[in-house]
Amino acid sequence: MVAEKGSKLRIGVPLSILHYEFGGTIARFLTRLGIDVVLSPPTNQEIFQAGKRVVIDELCFPIKIFAGHVTYLANQDVDKILVPVIVGHENNRMFPCHPRSRLADIVRALGICETDRLLAPAFRFDQHGLTVGGFQDLARELGFSEDACDQALDDIRSCDSDEPHTIVASSDGLTIGIVGHPYVVQDKWANNHVVQRLEAVGCQVVTENDAEPIGYAPEATGLHFALAARTVTLSKMWDSTPEIDGIVFLLPFNCGPDGDITRYLNRTIKTPMLTLVLDELQSSAGLITRLEAFVDLLNRSCAAVGGRSS
Amino acid sequence: MKHFTFSWGNNYIAIRGLLQAIGHELATPPKINSAIAERGIELAHPFLCFSGKLVLGQIATQLDQGDRQFTFMSSLGPEACRCADTCDYLQSLFSDCSGLSTHRLGGGTLDGTLANLRSHFGPRIGKLDCMKAYASFLGKIDLLHKVEKRCTALRCLSSTPKQVHELEKMALIRIDNASNSIALWRVSRWFDLKANLLPLHKRPPSLRIGIIGGEHILSEVDSIMTMIKGIAERGILLEWRSGFRHLVRAQSSLGPAKEKCRAYLNDALSTSEVFSCAHALEFIEEGYDGLLHIYAFGCMPQTSVKPILQRVAQDAGVPLLSLSIGDRFAEEGLENRLEAFTDLLEARKNKGATK
């Protein structure tokens with residue numbers, strides 16, 4: 001659907017799963033095309049509850065959050081709500097997990113927003129992120145020319161940062177590497193402010209954004225699911241980074257692929273690792289105690305071997 | 001060399017056929033029981049689906065017996081769920097197990113399949129051996145599917161359920177013993193003749209229920225599905241089309257299935273959801289009285305498709321019951337829910353007839 005003459009098309013983008021996963025690329029692309037992009041606000045209790053009310057219990061925690069964001073946008077003055085369909089890797093050997101590839105179908109089936117307001121372009125990905133074909137189809141569907149699409153893609157690429165990534169060990173505390181899906185690591189409500197809580201006890205926290213780029217879908221792991229492959233690759237990278245004292249793995253409740261790699265990581269990663277299962281029943285008190293205990297153990301073990309933190 | 005695998009219901013018979021064609025043997029997997037389920041639950045991460053836990057339980061039990069050559073079928077294609085990662089996952093779970101060797105069968109093309117076979121069983125395997133092995137595998141898969149489907153229907157239609165049970169048992173033995181395509185064809189004919197001779201009830205089935213869901217759970221006929229099948233003996237015709245066969249033959253049947261459910265499902269590369277949705281739509285078109293959705297708790301494809309199936313059923317006005325089979329499912333609870341569902345369907349049908 002193209003906006004009526006004189007008015008700008010307004011597209012709602014859920015600030016959730018796919019937005020975080022692909023670094024907001026689609027929203028930036030739409031903005032470059034001159035579309036008014038309306039992001040849903042950061043996750044809060046109200047948004048989560050709205051999602052939980054409509055989604056079946058067995059779906060994972062992030063899908064419930066996502067449904068809440070779509071519900072929020074459905075009540076806003078937006079012409080369309082963007083729920084991309086992530087089909088899979090160009091190599092046909094790596095895929096998103098099933099619920100993530102079915103987001104648009106789930107939204108449609110649950111009747112969260114009117115079907116004609118749902119904008120569900122199909123994208124594929126490769127090692128660098130979303131591939132061009134999806135953007136071209138999206139631009140075409142919105143009535144933009146090929147030139148406008150190319151220009152918008154050039155613009156967003158030129159803004160991508162090439163800054164070198166170096167991790168400097170904290171001089172007066174521990175350095176903790178976080179691993180997990182981007183939409184859990186970056187969503188402060190979903191992870192119960194874990195980064196801030198670690199910083200509050202004197203830790204320096206590093207995430208994937210601070211690491212050398214590992215690519216969207218690292219193939220070397222041989223894993224089928226792209227984000228699980230990313231988690232394994234980043235964990236191994238943190239494991240071989242001497243500046244990292246401990247790893248915190250954020251595991252959303254009922255996430256199949258990450259559940260599968262948990263034991264593998266526990267067996268292969270030598271750096272102390274804390275797995276935190278995040279769900280809708282998370283209590284801050286319990287989480288703080290576990291983080292404190294982990295930090296305390298790391299401090300003691302560093303002290304025992306005459307490490308930095310001593 | 002003797003290999004072992006997990007059962008996939010009776011589909012291990014087809015994998016045995018494949019291995020025998022290249023000069024190897026396959027041990028008969030232990031039947032699923034509560035001890036095996038507990039062993040799997042103990043080994044697996046809680047988020048692994050119940051099917052995965054059963055599989056792990058079966059593998060661990062055989063490893064305990066000293067078996068070391070684990071062989072399984074997975075092409076790592078779009079039809080795969082997390083089972084596609086089975087190889088690496090297992091190696092991480094059983095890394096303490098000395099001498100474990102895993103062999104992945106399958107491959108998208110003849111060349112890919114041959115290369116895969118050679119990488120596990122040596123370079124002496126020729127193209128013809130590969131073709132013979134897969135002819136045996138696919139022939140047995142098709143026949144197993146046919147026998148299971150027909151016998152499930154006969155449990156309702158025949159007046160001698162005991163004979164149906166005997167026929168099914170005999171057919172499985174004959175399929176397992178068939179050493180080539182001609183022998184398989186003979187088994188198929190023998191089965192048809194025997195099935196046609198069974199005496200039938202005079203009354204038609206009181207209800208027709210279409211079953212959709214997770215392929216692994218649906219294939220475990222001798223354990224989990226026994227109770228589900230039991231309702232057939234109350235005069236209810238049960239029909240399911242999903243199964244191991246659909247996954248194996250996905251390349252030819254996936255396209256039409258995707259087309260069928262285009263209004264509900266996008267193009268994402270997955271198979272289990274597509275078949276479940278397409279089969280639900282087929283059952284609705286064919287006037288079935290209700291839909292029974294059976295899946296393992298934690299099964300990602302089936303959990304994703306659940307809200308979509310609910311929409312399909314709602315749009316068509318056909319009752320749907322979703323049964324999630326998990327670590328702690330109680331047979332009594334399952335029985336009650338099935339009874340309530342069939343009662344509801346009967347009441348609904350009678351009301352329609354009265355009107």
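## Helix H5 of chain B

In this predicted model, helix H5 of chain B comprises the twelve residues 110-121, which at 1.5 Å a residue should span 16 Å; the end C-alpha atoms lie 16 Å apart, in agreement with that value. The expected span is 1.5 Å times one less than the number of residues. Helices (H or I, at least four residues) and strands (E, at least two) are DSSP runs numbered from the N terminus. After H5(B) comes B:Gly122, with a positive phi near 100 degrees.

## Basis of the model

Residue numbers start from 1 along each chain as its sequence is written, while chains are lettered from A and ligands numbered from 1 in the order in which they are written. The model is predicted, and local features need pLDDT of at least 70, side-chain atom pairs count only at pLDDT 80 or more, and totals for chains, interfaces and linings use all residues.

## Contact between chains A and B

Chain A contributes 34 residues to the contact and chain B 35 residues, two residues being in contact if their C-beta atoms, placed from the backbone, lie within 7 Å. On the chain A side, two or more residues come from each of strand S4 (85-89), helix H5 (98-101), H6 and helix H12 (256-268). H12(A) gives the most, with eight residues. By class, this side has 17 nonpolar, ten polar and seven charged residues (Ala, Val, Leu, Ile, Met, Phe, Trp, Tyr, Cys and Pro count as nonpolar, Asp, Glu, Lys and Arg as charged, and the others, Gly among them, as polar).

Across the two chains, the axes of helix H6 (residues 103-110) of chain A and helix H14 (residues 300-316) of chain B come within 9 Å and cross at roughly 35 degrees. Axes are lines fitted to C-alpha atoms, for helices over the stretch in contact, and angles run from 0 to 180 degrees between N-to-C directions. H6(A) contributes A:Asp105, A:Ile106, A:Ala109 and A:Leu110, which meet B:Ser304, B:Pro307, B:Ile308, B:Gln310 and B:Arg311 of H14(B). Five of the residues in this contact are nonpolar, two polar and two charged.

## Packing of H11 and H12 in chain A

Helix H11 (residues 226-239) of chain A packs against H12(A) at about 25 degrees, with the axes 9 Å apart. The two helices are therefore roughly parallel to each other, a term for angles under 35 degrees. A:Leu227, A:Ala228, A:Thr231, A:Val232 and A:Ser235 of H11(A) form the contact with A:Pro257, A:Asp258, A:Asp260, A:Ile261 and A:Leu265 of H12(A).

Technical notes
Parallel < 35°, antiparallel > 145°, perpendicular 65-115°, else oblique.
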